[in-house]
Amino acid sequence: MSRRQTDSDLHRFTLWVLFLIAAISCCMAYYSFSVSLKGNSDTIFVGSSESWRGNEEEREGDGCCRGVEHLELWGDAMKWGSDFKLNSSEECCRACKEMCEGDDGPCLCDSWVFCGNKQDCGSRFGECWLKKQTDALDPDWRDSGDNVIWTSGLVFGKGELFPDCAPHSVYYILELLSLQHCAGCQFYRAESRGNSWDLQGNHIEHAPYGPPYALIQGTVDAYGTVFKDIPQEACPTIRRGSIAWVGSGPDFFISLANHHEWKKAYTVFGQVLPEDMEIVEKISQLPTIPDVWSNVKVAVLERPVPLRFIRMKKSP
């Protein structure tokens, strides 16, 4: 995946995009990602219970039950760690997941905290605290840093945005949401499926794998914030609708096709719903300028499409 060249002067923004990274049904709240084209507003919802169900086996095969070390989340205890000890953070995470009812049911547990270092934890080693946040989209951060002995994670229910597979990625997005702006965030590259991939994103036999490369690319490096590189997390096969980092971020892309040829090289942290891919397709058809990045031919948008974060409540 090519990175963009550094731009010293961006075009004046004329198109607005609301960037949705997650839809959290267990707390009945959603982000949204929409694009306004010619006065018409559309919305892409990312990470619903339908969005990843077809890939659930692949996610489980990767052992997706991850947390962030040296982080302690607060919240109401559903199970007290002093009375509930397990062997690993993964077991603690899965115990929390088991408190979600079905694919779309309520989650009695939406966060977990585990103490897994024998030397540092002492008598608390193995404690698994299963918790419920007042607001899963704004978790209660108790403490963080090298001296914190806990590992913590979030659970959004099966099939949603992937804090269990890409926790560092999700936490960064939650931080951006709390800023209530994303100045500097934008789409700057847009390439259609061309004649290489069909409407379902399947590669057409004997066709080249690009250019164009069937993706839109952007950045979530907000002005006024210090971006810390995202460590590599779960890297499943890139599928149509996958949202993934370019390297360690903050550049990212949304795929318009199933890119099996990319060999699970990118951290995937979200998914666009199939019915909302029409909006991504619209962006891919916007006017572009040809360019070359690291000997790769790319198509750069004539006018970058700005992104901003909002929070939307799901209607009862």
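What volume does the largest pocket have?

Reply: The model is a predicted one, and the largest pocket in it has a volume of about 530 Å³. Its lining is made of 21 residues. Nearest the centre of the largest pocket lie Val68, His168, Tyr171, Glu175 and Lys228. By class, the lining holds 11 nonpolar, five polar and five charged residues.

Three elements each supply at least two residues of this lining: strand S6 (68–69), strand S11 (141–144) and helix H4 (167–179). H4 gives the most, six residues. In terms of domains, the lining of the largest pocket takes at least three residues from domain 1 (68–158) and at least three from domain 2 (179–306).

The second largest pocket holds about 280 Å³ of space. Its lining has 16 residues, and those nearest its centre are Glu69, Gly116, Asn117, Ile149 and Thr151. Here the classes are five nonpolar, seven polar and four charged residues.

Back to H4, which gives the most residues to the lining of the largest pocket. With 13 residues at 1.5 Å a residue, H4 should span 18 Å, and the distance of 19 Å between its end C-alpha atoms agrees with that. The buried residues of H4 are Pro167, Ser169, Val170, Tyr171, Tyr172, Ile173, Leu174, Leu176 and Leu177. One of them, Tyr171, is also among the residues nearest the centre of the largest pocket. An α-helix has 3.6 residues a turn, so residues three or four places apart point the same way.

In soluble globular proteins, nonpolar side chains tend to be buried together. The largest nonpolar core in this model has 32 residues, and the members that touch the most others are Tyr172, Leu176, Phe187, Ile216, Val220, Phe252 and Ile254. Two or more core residues come from each of H4, strand S13 (186–191), strand S15 (242–245), strand S16 (251–255), helix H5 (277–284) and strand S19 (296–308). The largest share, four residues, is from H4. Tyr172 and Leu176, both of H4, are buried.

Most residues other than glycine have a negative phi, and most peptide bonds are trans. The loop between S13 and strand S14 (215–219) contains Pro211 and also Pro212. The peptide bond from Gly210 to Pro211 is cis, with omega near 0°, and the bond from Pro211 to Pro212 is cis too, with omega near -5°.

Lys264 is partly exposed, as its relative accessible area is 47%. For Asn295, phi is about 70°, and its place is the loop between strand S18 (288–293) and S19. Asn295 counts as exposed because its relative accessibility is 77%, where exposed means over 50%.

Technical notes:
Residues numbered from 1 in each chain as written. Predicted model: local features only at pLDDT ≥ 70, side-chain atom pairs only at ≥ 80, totals over all residues. Heavy atoms only, no water. 1 Å grid on protein atoms, 1.4 Å probe; cavity = no way out; pocket = protein on both sides within 12 Å on 5 of 7 lines; lining within 4 Å. Points joined across faces, edges and corners; volume = space filled by probe spheres on them. Nonpolar A, V, L, I, M, F, W, Y, C, P; charged D, E, K, R; others polar. Domains from an automatic or database assignment. Core = buried A, V, L, I, M, F, W, Y, C linked by side-chain atoms within 4.5 Å. Buried < 20%, exposed > 50% of the residue type's maximum accessible area, 1.4 Å probe, protein only. Expected span 1.5 Å × (residues − 1).
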